[in-house]
Amino acid sequence: MTIQIKVYSDFVCPYCYLAETPLLKATEDKDVEIERMPYELRPFPQETLRPEEDYLQRSWQESVQPLSKKMGVDMILPEVTPQPHTFYAHEGLLFAKKHNKEREYAHLVFKSFYQNGEDIGKIDVLQNIAEEIGLDGMAFQQALESREFKEERERLLKEATEDLNITAVPTIIIGERVLKGLHPQANIERALRGAIRDAKFEFCDGDECE
């Protein structure tokens, strides 16, 4: 019985990158379907953060860096300033999802930003990522330049904020269970077990449930 998992994240959120590790470990060899969903912390034309300013410097040194070392995830604070808007990156995610490459795409976008310090707000950077995972680079470029996935991205963002009341990322929805923020592997496994029990209960009849 396949358990549906939705992961809402933004590519400029370091905790979203860190959340990949416990999620993949918790779901390894499990019958799950993980769908990565777009979320923008600072949608255009809102101003984005600058890495040289106190807020990012302090949060990186006091929170992100210690967590990344503890979890064994190599990360740098990208020097791209101001930080990129992520609407192109999320529209690229929807393109990748259409071709069953969303997991690989999302991982490399995070890696490009938080390990290589690349500007993931640029189409050519995202196109290189798409080609690296075997997608048609020209088709990808055309989709982003024509804004083919703009309406779908906006619809999903509206659904996230208005229907699901998501206000922060990462947010992981496992069945009917919602995990907000960065959670350890054990919490995700617990939520997954609960979702499996819920799914079994839906298919049983009264006192025949075990």
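What follows is a tour in stops, each with something to select and something to look at.

**Before you start**

This is a predicted model, in which local features need pLDDT of at least 70 and side-chain atom pairs count only at pLDDT 80 or more, while totals for chains, interfaces and linings use all residues. Residues are numbered from 1 along each chain as its sequence is written, and side-chain values use heavy atoms, with hydrogens and water left out.

**Stop 1: the sheet**

Select the strands. Helices (H or I, at least four residues) and strands (E, at least two) are DSSP runs numbered from the N terminus, and two strands pair if DSSP finds at least two bridges between them.

As background, strands of a sheet pair through backbone hydrogen bonds, either parallel or antiparallel. Walk across the sheet and you'll meet both kinds:

- β1 and β2 run parallel, joined by seven bridges. Pick lysine 6 and look for its bridge partner in β2, glutamate 35.
- β1 and β3 are antiparallel, with four bridges. Here isoleucine 5 stands opposite isoleucine 174 in β3.
- β3 (residues 171–174) and β4 (residues 177–180) are antiparallel too, again with four bridges. Isoleucine 174 has arginine 177 as its bridge partner in β4, and threonine 171 stands opposite lysine 180.

**Stop 2**

Now show side chains on β3. Which residues point one way, and which the other? Thr171 and Ile173 go one way, Ile172 and Ile174 go the other, and all are buried. Buried here means under 20% relative accessible area; over 50% is exposed and in between is partly exposed (1.4 Å probe, protein chains only).

**Stop 2: serine 9**

Next, select serine 9 in strand β1 (residues 3–9). Serine 9 counts as buried because its relative accessibility is 11%. Leave out residues up to four places away in sequence, and serine 9 touches Cys16, Met37, Pro38, Tyr39, His90, Phe110 and Val169. Contact means heavy atoms within 4.5 Å.

**Stop 4**

To see the contact itself, show Phe87, His90, Glu91 and Leu94 of α3 with Lys150, Glu152, Arg153 and Leu156 of α7.

**Stop 3: the cores**

A nonpolar core is a set of buried Ala, Val, Leu, Ile, Met, Phe, Trp, Tyr and Cys residues joined through side-chain atoms within 4.5 Å. The largest one has 43 residues, and those with the most contacts inside it are Phe11, Met75, Tyr105, Val109 and Leu126. Which helix gives the most to this core? Select α4: it contributes seven residues.

Click methionine 75 next. Beyond its neighbours within four places in sequence, methionine 75 is in contact with Pro14, Tyr17, Leu18, Trp60, Val64, Ser68 and Tyr114. There is also a second, separate core of 14 residues, including Ile172, Ile188, Leu192 and Ala195.

**Stop 4: a loop and a helix**

Find valine 80 in the loop between α2 and α3. Buried or exposed? Valine 80 counts as buried, at 15% relative accessibility. Valine 80 and glycine 121 lie 41 residues apart in sequence and 9.8 Å apart in space, C-alpha to C-alpha.

Last, go to glutamine 127 in helix α5 (residues 123–132). Glutamine 127 is buried at 12% relative accessibility. Not counting residues up to four places away in sequence, glutamine 127 touches Gly137, Met138, Phe140 and Gln141.
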